[in-house]
Amino acid sequence: MSYVLNTADQQRAMLAEIGAASIADLFRPIPAALQLKRPLDVPPALTELELTQHMQELASRNRAALNSVCFQGGGCYDHFIPAVVDAVAGRSEYYTAYTPYQAEASQGSLQAFFEYQTLICQLTGMDVANASLYDGGSAVTEAVLMARTVTQRYGRVLIAESVHPEHRQILSTYLANLDAGVETLPTPQGFLDPADLKQAVDDETACVVVQHPNFFGGLEEVEALAQTAHARGALFIVSFDPISLGLLKRPGEYGADIAVAEGQCLGNPMVYGGPFLGILACQEKFVRRMPGRLVGQTVDRNGKRCWVLTLQTREQHIRREKATSNICTNQGLMALKAAVYLAALGPQGLKETAELCARKAHYAAQQLTHLPGVKLKFARPFFKEFTLTIEGTVSSILGRVLQHGYHGGLELGRWYPTLADGMSVAVTEKRTRGEIDGLVKAFAQAMKG
Amino acid sequence: MRRTQSTELIFELSHSGRRTHRLPSCDVPVPEAKDLLPQSALTAAPPPLPEVGEIDLVRHFVNLSTRNMSIDTNFYPLGSCTMKYNPKRHERLAGLSGIADLHPLQCDESCQGMLELLWQMQTILAEIAGLDAVALQPAAGAHGELTALLVAAAYFRDRGEKRSRVLIPDSAHGTNPASAAIAGFDAVTIKSNSRGMVDMQDLGTKLDERTAVFMMTNPNTLGLFDDQIAAITELLHRQGALVYLDGANMNAILGWTRPGDFGVDMMHYNVHKTFTGPHGAGGPGAGPIAVRANLAPFLPAPLVMQTDAGFRLDYDRPKSIGRVRSFFGNVGILVRGYCYLRTLGAQGLREVSTNAVLNANYLLARIKKEYEVPYGDRCMHEFVASARSLRRERKISAMDIAKRLLDFGYHAPTVYFPLVVPEAIMIEPTETESKETLDAFAEALLRIRSEEPEFLHQAPHSLGISRPDEVRAAKEPILRWKKSD
């Protein structure tokens, strides 16, 4: 079933109008020797009912919210999504539109993205935000590429080991052919020591990248780090947790030059990792070096306020190989969801969400570390995620915890060989005391073997 | 009916003390959050977000949505973008809890259904491409281009070859040269010939041992299948270079021919176009890449593998370029693409391209007496008309036509692209439109041609706004609302 409307009669009439003898005649530009002489070898077509049953069967072989409780984080979090977010994003006038090239026919999306840009500025305390990038990981990389151009320093990039390992991996993949000199600064105490940064940063360094709260959940000394970077003329790039800004200082308050984030937590479901939302905001003076789409306010011929895609001379469709980035399709629908989410929460809602995350995470840490063999790995303040060391094989303990119905955390050894006994636990506002107590019980039993 | 509420900004609706979402009270016995964290890390006040009640919030965004054209409300023949119908079943199925609530780092044993779906997707996309291996990670078409070029760079590095150039036809999407630059290559432009195809002489001159990749779009952005394709790929391969296909136009050839069969080594798909994403007003997309076996070791990790013990993510890929996106890419879009592919089957896929090409040719036939179409009177899934002579004779530009079409309730075609056609009007009707819709659209185009130029310069006449001042927007950029405004 191909959603095609043309009937056989219509197809004949259309071919006659074209002056073509047959459908095959239309495909004559494809040399006969290159045409496929057999049907594609793909699974047979399903009706909607059959497809629904098939998808339900596939879904039933996944352990998700219906039959397990999520304490996993690492850049993707199980936050609550108010119904208004889905109601708005479910409007097909948004989700079946293209990128708003024709401003007159796209004022809905354009205004929503302008509001998103403003909301991100309000959230971060930065001057400008773009209309989204793919995800938090590629946003880190785009920020680094931007910092290289802004500073005209192409030889050195410093990134803390406490930044999400996958984000660091994306950075080194993108920069593999650019002689970019990416150096990872060790964080054995679970944070980047400003004294270590001072040793490492020099006048050739384009930027310093940290994550706050970092991948272990801990806070970084962002103010001192920003000052240290700036003292040598390097830009300070911070990857932040949007929810944390209900409590923590905003990037604009501690001197970030470019602030990036994974925006999934703002109203987007986990969906096995995507589609997510790359947030990028920066200081005003860097705006013409920014990657990605920007919506700007202007007036129409009658002086009426309206919105357009602007500063497009930075972009690939105008500048081609000299563009600030190759991005074209971004994550518009996720930006819209983030905008609705932030407006639904407001300042008080964001603050309370952040407070609940922090308190519940601290309760969970307290209860888990009462168990014999479980300790906090780092003596760092944390927000909604924390790192433990546990006695025993982490993967098998987590496997047994799952049998009790809990995705108990992330095994850190896969990214950090020195943390073979380490795991991180994330606690959002959704987790109840009962679920946390249940997790603790599950660990207690799992660790007995 | 007037809908003035939607033209206000959400910030202008804010009223101190209002809110939509309320949180439960804290159910764990720990101190206040401010006492759990160091004072120096805390902000004095939460971000100054707007304060709005639920009905205001809903009315605002719902009214705003009505100021968009979309596939669900309007014919949307935006060339190169494949704006076909987005089936509703996909939205429901992608939202199933067993799919939407999955954490990307949960263990393989706990998401076998998802891994099976993704493995099937890899397999089906490889078959349609006629290539051997697929990586689903890239988040959009341009991301797929970049990923494939990084794969190419790794491949040549592995062979000890230094190749610095990527050749790109002048009709290509702007993302191609931009991706080449970010991957660390020099982009070299190849001319089009008088038939709108690759100029073989120019290609021959610029192709040498420095060439890593030739990036082509076939059918190209003029809607033409380059019939020199066998000679092109042979030429490139003889030089040891790779051929990349920008898959933006796959909607023209599904089940009719396969890139791997016509000599392509690597390609990306735009799942949000060909396999009906939907496009989300600017994303999300999904840009999986397919490659030949000799390039497979370099694909980003992980890939999904089938084993005797079920499906698992394979991270053990020592020659891999690494990764280009966190987790597993835009899975939600891949799920919709999978639903689409499972609905169509082999026959349905071929019907897609049959009718996409039929519809485009029919529309071309309906208007070609009145509109100049520089490159021939047949096309594949799209064609590019030109307002060059209209502009010369009557001062009517491609932009005028585009804007006037909005008054007729049609989204405008792509204009001023590809760059090789002056006053380009690029029309892609897609297979999901009926003959009746195409007839009505053709009538509108023919009527516009004879309207008064001055009237057209002022179009659109019936939308919420007239033409925006784009120069002012760029000169004095206002990129956010501020309280003082």
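**Exercise 1.** What distance separates the centres of domain 2 of chain B and domain 3 of chain B, taken over C-alpha atoms?

*Solution.* The model is a predicted one. Begin with the bounds: the domain assignment of chain B gives domain 1 as 4-65, domain 2 as 90-343 and domain 3 as 353-471. Taken over C-alpha atoms, the centres of domain 2 and domain 3 of chain B are 30 Å apart. Next, consider the contact, to which domain 2 of chain B contributes 18 residues and domain 3 of chain B contributes 15 residues. On the side of domain 2 of chain B that touches domain 3 of chain B, eight residues are nonpolar, eight are polar and two are charged.

**Exercise 2.** Describe the overall architecture of chain A.

*Solution.* Chain A contains 14 helices and 15 strands. Its C-alpha trace spans about 80 × 55 × 50 Å along the principal axes. Of the 449 residues of chain A, 63% count as buried. For contacts in chain A between residues at least 6 apart in sequence, 73% join residues at least 24 apart. The chain is divided into domain 1 (8-60), domain 2 (69-80 + 347-448) and domain 3 (83-341). A distance of 42 Å lies between the C-alpha centres of domain 1 of chain A and domain 3 of chain A.

**Exercise 3.** How many residues of chain A are in contact with chain B, and which helix supplies the largest share of that side?

*Solution.* The contact joins 170 residues of chain A to 168 residues of chain B. On the chain A side, H12(A) supplies the largest share, 25 residues. By class, this side of chain A has 86 nonpolar, 57 polar and 27 charged residues.

Helix H12 (residues 332-368) of chain A also features in the largest nonpolar core. That core has 327 residues, of which A:Val208, A:Ile237 and B:Val151 touch the most other members. H12(A) gives the most to this core, with 22 residues. Beyond four places in sequence, the contacts of A:Ile237 include A:Ala143, A:Val208 and A:Ile258.

**Exercise 4.** At roughly what angle do the axes of helix H3 of chain A and helix H4 of chain B cross?

*Solution.* The axes of H3 (residues 48-60) of chain A and H4 (residues 112-129) of chain B come within 6 Å and cross at roughly 125 degrees. That angle makes H3(A) oblique to H4(B). The contact is formed by A:Leu58, A:Ala59 and A:Ser60 of H3(A) with B:Gly113, B:Glu116 and B:Leu117 of H4(B). Three of these contact residues are nonpolar, two are polar and one is charged.

**Exercise 5.** Why is helix H8 of chain A largely enclosed by the rest of the structure?

*Solution.* Nine of the ten residues of H8 (residues 165-174) of chain A are buried, so this helix is largely enclosed by the rest of the structure. Among the buried residues are A:Pro165, A:Gln169 and A:Thr173. The buried residues of H8(A) pack against helix H7 (136-151) and strands E3 (156-160), E4 (182-185) and E6 (235-240) of chain A, together with helix H5 (141-158) of chain B.

Notes: Residues are numbered from 1 along each chain as its sequence is written. Chains are lettered from A and ligands numbered from 1 in the order in which they are written. This is a predicted model: local features need pLDDT of at least 70, side-chain atom pairs count only at pLDDT 80 or more; totals for chains, interfaces and linings use all residues. Axes are lines fitted to C-alpha atoms, for helices over the stretch in contact, and angles run from 0 to 180 degrees between N-to-C directions. Helices (H or I, at least four residues) and strands (E, at least two) are DSSP runs, numbered from the N terminus. Angles under 35 degrees count as roughly parallel, over 145 as roughly antiparallel, 65 to 115 as roughly perpendicular and the rest as oblique. Two residues are in contact if their C-beta atoms, placed from the backbone, lie within 7 Å. Ala, Val, Leu, Ile, Met, Phe, Trp, Tyr, Cys and Pro count as nonpolar, Asp, Glu, Lys and Arg as charged, and the others, Gly among them, as polar. A nonpolar core is a set of buried Ala, Val, Leu, Ile, Met, Phe, Trp, Tyr and Cys residues joined through C-beta atoms within 7 Å. A residue is buried if 20 or more other C-beta atoms lie within 10 Å of its own, exposed if 12 or fewer, and partly exposed in between; C-beta atoms are placed from the backbone. Domain bounds come from an automatic or database domain assignment.
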